[in-house]
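Have the structure open as you read.

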Amino acid sequence: MATGAGATSAAPVGGGGGRPLIITEDPLLLDDLLRLCAAAGAEPHVHHEVPEPSDAGGPGGSVGWESAPLVLVGDDAARRVRGVPRRDGVFLVGRDLDDPLVWQRAVEIGAEEVLRLPDAESRLVDRIADVVEGAGRPALAVGVIGGSGGAGASTLACALAVRAARTGERTILIDGDPLGGGMDVLLGGEAAEGLRWPDFAGSRGRVGAGALEESLPELHALRVLSWDRGDRVVVPPAAMRSVVAAARRRGGVVVVDLPRRVDETVAEVLAQLDLVLMVVPGELRAVAAAGRVAAGVRMVARDVRVVVRGRCPGGLEPEAVAALLGAPLAGEVPLEVGLPGRVAEGEPPGAQGRGALARFCDGFWQRALGSAQGVPA
């Protein structure tokens with residue numbers, strides 16, 4: 001069905017299995033669908049002549065109708081597709097918003113959804129891109145935020161990413177704090193080639209997961225999205241939403257270092273996180289500050305837990321810190337002797353496998369990644 005008379009076929013992108021099938025004889029609709037496929041990074045099979053039902057299940061037809069991951073049927077072709085075998089992933093696409101019979105035609109061909117252009121363009125691009133990128137289980141996304149200044153949240157975020165990458169997980173570390181000095185610096189890679197946040201500030205709509213990952217600097221077996229040394233410190237909420245969604249799309253682990261102030265852009269990140277770890281020193285003043293931070297985070301985040309960092313003489317016990325904040329205790333990370341000096345020499349946090357920081361991170365990922373439902377309670 002994708003070859004022979006009346007069919008055109010472009011070269012595969014990422015293998016033939018990710019190529020949608022278009023069935024339409026409407027040249028204007030075909031132009032629209034080809035444009036949307038290009039926006040999603042897909043080169044489709046195009047069939048201008050609708051095959052006979054008897055051909056759809058045969059050796060030639062199975063290349064298109066039965067095996068294509070996504071089928072886009074033009075409204076003009078719906079009546080002539082009625083006899084083909086039922087399957088998932090069929091969408092009826094047209095431009096007439098006032099046609100009362102469109103739903104009947106959708107039922108007749110077993111379409112999952114009716115998509116009307118131009119209103120449904122972004123929805124259709126998303127579905128096509130899912131096919132191209134092989135969308136599956138999203139990455140486990142963990143945010144790290146300081147309950148008070150100097151709590152060590154960036155250090156923990158970096159160590160979590162380093163330890164996850166060393167287990168072989170696909171790992172992306174996102175620097176969500178424009179005033180934090182740069183996660184690439186903490187990883188010793190400020191001069192590494194690759195894109196930084198200002199390059200994505202104008203992003204709208206869907207960002208390709210593969211393109212994002214390949215464009216970022218690779219440091220210590222993980223990809224990192226950080227800030228450059230310029231003056232720009234603002235990323236629009238829409239750009240943040242698109243980039244974080246793209247980072248999650250290929251699975252593995254995404255770690256986000258968060259600023260303490262929750263604004264609209266940070267809220268976009270929090271809404272996509274599975275878990276937020278709040279790092280709080282075990283002292284009363286830090287707990288008081290963390291209470292205010294926690295109030296803002298809880299307005300958006302689904303799951304907030306406390307990590308107690310260090311223990312001051314006469315300070316609070318970890319369980320007491322968590323109780324005062326009204327959040328579950330994720331654990332305690334003792335202060336690690338010599339860590340600042342090693343970081344200054346270019347060794348990233350968490351690199352010392354026997355250090356307290358690495359042990360905490362390894363235990364966290366063992367529990368989190370070992371749970372089929374995400375992070376266990």
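## A buried pair

Start with Arg-105 and Asp-99: their side chains form a salt bridge, with the closest N and O atoms 2.2 Å apart. Keep in mind that this is a predicted model.

Is Arg-105 buried or exposed? Arg-105 counts as buried, because its relative accessibility is 7% and the cut-off for buried is under 20%. Asp-99 also falls under that cut-off, so at 18% relative accessibility it counts as buried too.

## A helix tied to a strand

Next up is Arg-123, which makes a salt bridge with Glu-113; here the closest N and O atoms are 2.7 Å apart. Arg-123 sits in helix H4 (residues 121-133) and Glu-113 in strand S6 (residues 113-116), so this pair ties together parts that are 10 residues apart in sequence.

As for solvent, both ends are partly exposed: Arg-123 has 36% relative accessibility, and Glu-113 has 25%.

Arg-342 counts as buried at 19% relative accessibility, while Glu-347, at 22%, counts as partly exposed.

## Beyond single pairs

Asp-26, Asp-32, Arg-35, Arg-95 and Glu-121 are linked in a network of salt bridges.

And how many salt bridges does the model hold? The count comes to 23. As a general point, side chains of opposite charge can pair when their charged atoms come close.

Note on methods. Residues are numbered from 1 along each chain as its sequence is written. This is a predicted model: local features need pLDDT of at least 70, side-chain atom pairs count only at pLDDT 80 or more; totals for chains, interfaces and linings use all residues. Side-chain values use heavy atoms; hydrogens and water are left out. A salt bridge is a side-chain nitrogen of Lys or Arg within 4 Å of a carboxyl oxygen of Asp or Glu. Buried means under 20% relative accessible area, exposed over 50%, partly exposed in between (1.4 Å probe, protein chains only). Helices (H or I, at least four residues) and strands (E, at least two) are DSSP runs, numbered from the N terminus.
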